[in-house]
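I opened my notebook to record what I looked up in this structure.

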Amino acid sequence: VDKFDEYVKENRDRFLSELQGMLRQPSVAAQNLGTREMAGKVLERLKKLGEARLVEVEGGQPVVCAEIGSGKRTLLIYDHYDVQPPEPLELWTTGAWEAVIRDGKIFARGAADNKGDLMCRIHAIESYLASVGPLPLCVKFVVEGEEEIGSVNFARFIRENCSFVEDADGCLWEFGAKNINERPTLTCGLKGIVYVELQARGAKYDLHSASAAIVEDPAWRLVWALATLKDSNDRILIDGLMDHVRQPTMVELEALKKIPYDEEKIKADYGISSFIKNLTGLDLLRKLFYEPTCTICGIYSGYIGDGAKTVLPNHAFAKVDFRLVPNLTPSLVAELLKNHLARHGFGDIDVKLLQHGEEVARSPLDSTIVHAAIEAAKAVYKSEPVLYPTSAGSGPMYTLCQGLGIPAVSAGCGWHGSRGHSPNENIRINDYFEGIRFIRELIDHFAVDA
Ligand SMILES: [Zn+2]
C-alpha cells in the first residue's frame, strides 16, 4: 500500500473537519465580513507546512504568502480566501456557513470557490511531507482576499512583492471541475475584459419633445454611435481592432477539436434556437474562445415608466463590455474605441472606463506545467482531461503569471453541479480526496519533467 494514500486515509476525518472549520468562517470581501479572521486562519494553517507570512496591502485585504520545500523547480499556487456573498439565504437547504455534509457532499459558500481547492492543496502537501518526505520542489502559495471583487489591489501587491513570485517555473491556478461526463478539465488561460460607459449629452435639462425639431436627441446620438461599433453579422467594426486579434495556432485548433460541447443541450438550456450566424462545431468554439466580444450590457435614456411622456432627454448612456483575446489589451481597446468614435464624428461621446480591466492570460498548451497537469490527471482519474485553452471568465492570472513569464494551468476538485456563486454551493467528498491525490502527482511530475 502506498504510504501517501495510507496517510490520507488515516487523516480523512480530521481533513474534513479542518475543511469545515475554514468554511464556517465567513469571509466576504464585498461586505468586509470576516476576511481578516479568515486570513489569520489561512496563515496559521500554512505555518504548519513551512514559512508563511501575512502581507498587508494598504487599503485592501492582506495576502497570505508561504514557501515550502526546495528543489530545481518552483511551483506557484494561487488561491483566494474571500468568497461571494451567500445571499439569497432562503434558497440554501442548509446554512451557507454551516458546512453540513450530506449525500457525499459538503455544502457551504466557498466550498467550490475557492476554499475547497485551497485546503485540498494544503492537505496534499501535508500528506506528502508526512509520508513521502521533503517536497522535490519549492512550493509558493499566494492566497489573496479580493478575488471576488475584481482583485482591486492585486496588481500593486505583485509590483511590490515581485521578487517572491518571479522565479516560479509554473503556476497552479485556483479552480477546476469535472464536466458533465465526469472528465477532469484543465484550463490554460482566461479572457481579458475592459468595461466602458458611453454617454451622450444634449441640452442642459430635459426638454419638451416639441424641441426635438431643432435640438438633437442624445438617445439617437448614442444609438448612432453604438451602431458604428458592430454590424448585424456580429463583426466588430472599431477601426483597427480586429487587426490585432491573433488567430489560433494549429496546436490550439487541435485542442478545440477535442472539447466536448453539447450544442443542443446548451441551446435548450438558454432557450435559443441557434447560435450567432448558425455557427456550429469547430467554428462555434473558435468564435467562443478566440474572438473578442462587444456587448451592450445596459442602455438607458429618457422616460421608461408607464404611459407616454413626450420628453426630449438631456442625456443617454450605455454600458459596454469587451471580452478580450490575444493580442488585445484593455488600454489598447479603450484607445481604439476613443479614436474610432472621434474619427466617425462622435468625439462628443464621453468614454469612461469602469474598473481597471483585466489582461488576457494564455499559457502555451505545451508548457511544462500543462504537461505535468495532463499526466497527473491521467494517473488519478484514469481518463484523458479536457484541455481548455481559456476559460470564458476573467481573473488576475496575467498579473501573477503570464506578465512575469510564468505559464499557468487551472485544475480543481469541483464538479459540474458545484454551483459556484449560487445557493447550495458544494463539492463532493470523493472529488476532494481524488484532488489530494492529483496534487501529489502534479508535484512529482512537475519536479522531474524536464
Ligand atoms: Zn475563485
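**Entry 1: the model.** I noted before anything else that this is a predicted model.

**Entry 2: the zinc ion.** I asked which residues coordinate the zinc ion. I found His-80 through NE2, Asp-113 through OD and Glu-174 through OE, at 1.9 to 2.1 Å. I then looked at the spacing of these donors in sequence, which reads H-x32-D-x60-E. His-80 sits in strand β3 (residues 74-80) and Asp-113 in helix α4, so this pair ties together parts that are 33 residues apart in sequence.

**Entry 3: helices α2 and α4.** I stayed with α4 and looked up how it packs against α2. Two packed helices are described by the angle between their axes and the distance between the axes. For α2 (residues 12-23) and α4 (residues 111-131) I wrote down an angle of about 140° and axes 10 Å apart. The crossing of α2 past α4 is right-handed. On the α2 side, the contact is made by Arg-14, Phe-15, Glu-18, Leu-19, Met-22 and Leu-23. On the α4 side, I listed Ala-111, Lys-115, Gly-116, Met-119, His-123, Glu-126 and Ser-127. I sorted the contact by class and got six nonpolar, three polar and four charged residues.

**Entry 4: cavities.** How many cavities of 30 Å³ or more does the structure hold? I recorded three. The largest cavity has about 100 Å³ of space. Its lining has 13 residues, and those nearest the centre are Lys-178, Pro-184, Thr-185, Tyr-381 and Gly-412. The elements that give two or more residues to this lining are β8 (185-187) and α14 (429-448). By class, the lining of the largest cavity has seven nonpolar, four polar and two charged residues.

**Entry 5: the second largest pocket.** I turned next to an open space. The second largest pocket holds about 280 Å³. I counted 14 lining residues, of which Ala-255, Lys-258, Ile-374, Glu-384 and Leu-387 lie nearest the centre. Both α8 (250-257) and β17 (386-388) supply at least two residues of the lining. Which element gives the largest share of this lining? I found that it is α8, with three residues. The classes here are nine nonpolar, no polar and five charged.

Entry 6: Most residues other than glycine have a negative phi, and most peptide bonds are trans.

- Glu-87 and Pro-88 are joined by a cis peptide bond, with omega about 0°. Pro-88 is in the loop between β3 and β4 (100-102).
- Pro-326 and Asn-327 are also joined by a cis peptide bond, again with omega about 0°. I placed Asn-327 in the loop between β14 (315-324) and α11 (330-343).
- Lys-277 is not a glycine, yet it has a positive phi of about 55°. This residue lies in the loop between α9 (263-270) and α10 (281-290).
- Arg-419, also a residue other than glycine, has a positive phi near 55°. I found Arg-419 in the loop between β18 (408-410) and β19 (426-428).

Note on methods: Residues are numbered from 1 along each chain as its sequence is written. This is a predicted model: local features need pLDDT of at least 70, side-chain atom pairs count only at pLDDT 80 or more; totals for chains, interfaces and linings use all residues. Side-chain values use heavy atoms; hydrogens and water are left out. Axes are lines fitted to C-alpha atoms, for helices over the stretch in contact, and angles run from 0 to 180 degrees between N-to-C directions. Helices (H or I, at least four residues) and strands (E, at least two) are DSSP runs, numbered from the N terminus. A crossing is left-handed if the near helix is turned anticlockwise from the far one by less than a right angle, and right-handed if clockwise. Contact means heavy atoms within 4.5 Å. Ala, Val, Leu, Ile, Met, Phe, Trp, Tyr, Cys and Pro count as nonpolar, Asp, Glu, Lys and Arg as charged, and the others, Gly among them, as polar. On a 1 Å grid over the protein atoms alone, a cavity is a set of points where a 1.4 Å probe fits but cannot get out, and a pocket is an open set with protein on both sides within 12 Å along at least five of seven lines; lining residues have an atom within 4 Å of a point. Grid points are joined across faces, edges and corners, and a volume is the space filled by probe spheres set on the points. Donors are N, O and S atoms within 2.8 Å of the metal (3.2 Å for Na, K and Ca); water is not among the atoms, so sites may look incomplete.
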